[in-house]
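Here is a set of questions and answers on one protein model. Work through them with the sequence and coordinates open.

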Amino acid sequence: MTRTFLCFVTLFVSAFWCTSAICQTVQLPTIEVFNINTAVMVPDGGMTYLGGVGRVRYGSNTVGVPGLSNIPGMNRLFKNRGIGHDISSSNAAVTAKIIILEELEQEVLAEAKRRQASRAHQAELEKEADRISNQIGRSRK
């Protein structure tokens with residue numbers, strides 16, 4: 001049975017990046033949070049992709065010997081240049097599970113009745129076993 005409901009989704013996603021300075025060994029997390037507020041139609045048990053955020057960071061750093069790193073032609077011997085980039089992405093998807101309390105209640109009550117009937121049947125079997133063992137015990141005397 002497929003039912004389709006309109007659901008409103010508010011999703012909070014946190015992404016962590018670690019940064020460190022040149023002379024430090026301690027890494028501190030940076031937290032960035034983005035919110036998604038949307039309305040989607042998803043069938044029971046279905047999944048939908050809500051979207052995501054992609055980030056690209058570029059950077060360069062140049063360090064050199066003062067004076068010598070500014071001489072044309074010789075600057076490559078006295079200068080160090082670093083180039084880097086960081087790519088990250090955060091995506092959000094939702095799987096829908098629709099719970100109808102009336103149906104759940106009926107299932108729970110049916111299971112309770114089944115267990116009660118099973119206990120009653122077990123009690124009857126135990127009584128029959130006791131009766132048979134009593135008859136066997138009487139016939140031995």
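**Salt bridges, strands and surface**

Arginine 131 is partly exposed, with a relative accessible area of 39%. Partly exposed means between the buried limit, under 20% relative accessible area, and the exposed limit, over 50% (1.4 Å probe, protein chains only). This is a predicted model, in which local features need pLDDT of at least 70 and side-chain atom pairs count only at pLDDT 80 or more, while totals for chains, interfaces and linings use all residues. Residues are numbered from 1 along each chain as its sequence is written, and side-chain values use heavy atoms, with hydrogens and water left out.

Q: Which residue meets arginine 131 in a salt bridge?
A: A salt bridge puts a side-chain nitrogen of Lys or Arg within 4 Å of a carboxyl oxygen of Asp or Glu. Here the N to O distance is 2.3 Å. Both partners lie in helix H1, 3 residues apart, about one turn of the helix. The partner is partly exposed at 35% relative accessible area: it is glutamate 128.

Q: How far apart are the closest N and O atoms of glutamate 111 and arginine 115?
A: The two residues are 4 apart in helix H1 (residues 101-140), so about one helical turn separates them. Glutamate 111 is partly exposed at 30%, and arginine 115 is partly exposed at 47%. The salt bridge between them has its closest N and O atoms at 3.0 Å.

Q: How many residues apart in sequence are the parts tied together by arginine 57 and aspartate 86?
A: Arginine 57 forms a salt bridge with aspartate 86, with 3.3 Å between the closest N and O atoms. Arginine 57 is in strand E3 and aspartate 86 in strand E4, so the pair links parts whose separation in sequence is 29 residues.

Q: How many salt bridges does the structure hold?
A: One of them joins arginine 57 to aspartate 86. Arginine 57 has 40% relative accessibility, so it counts as partly exposed. Aspartate 86, at 32%, is partly exposed too. The total for the structure is 4.

Q: What pattern does the protein follow along its sequence?
A: Helices (H or I, at least four residues) and strands (E, at least two) are DSSP runs, numbered from the N terminus. The protein has 1 helix and 4 strands. Read along the sequence, the order is β-β-β-β-α.

Q: Which residues does glycine 54 contact beyond four places in sequence?
A: Contact means heavy atoms within 4.5 Å. Glycine 54 is in strand E3 and has 62% relative accessibility, so it counts as exposed. Its C-alpha is 5.9 Å from that of serine 88, 34 residues away in sequence. The contacts are Ser88 and Ser89.

Q: What is the C-alpha to C-alpha distance between threonine 48 and valine 94?
A: Threonine 48 sits in strand E3. Leaving out residues up to four places away, it touches Val40, Val42, Ala93 and Val94. Threonine 48 and valine 94 are 46 residues apart in sequence, and their C-alpha distance is 5.5 Å.

Q: What accessible area do Val65, Leu68, Ile71, Met74 and Leu77 have together?
A: A patch takes residues with over 30% relative accessible area and no salt bridge, joining like charges within 9 Å and nonpolar side chains (Val, Leu, Ile, Met, Phe, Trp, Tyr) within 5 Å. Isoleucine 71 lies in the loop between strand E3 (47-64) and strand E4 (79-95). Areas come from the Shrake-Rupley method with a 1.4 Å probe, and for residues only the protein chains shown count as cover. The five form a nonpolar surface patch of about 420 Å².

Q: Over which residues does pLDDT stay under 50?
A: pLDDT is the predictor's confidence in each residue, from 0 to 100. The mean for the protein is 76, and 74% of its residues reach 70 or more. Where pLDDT is low, the predicted coordinates should not be read in detail. The stretch under 50 covers residues 9-18.
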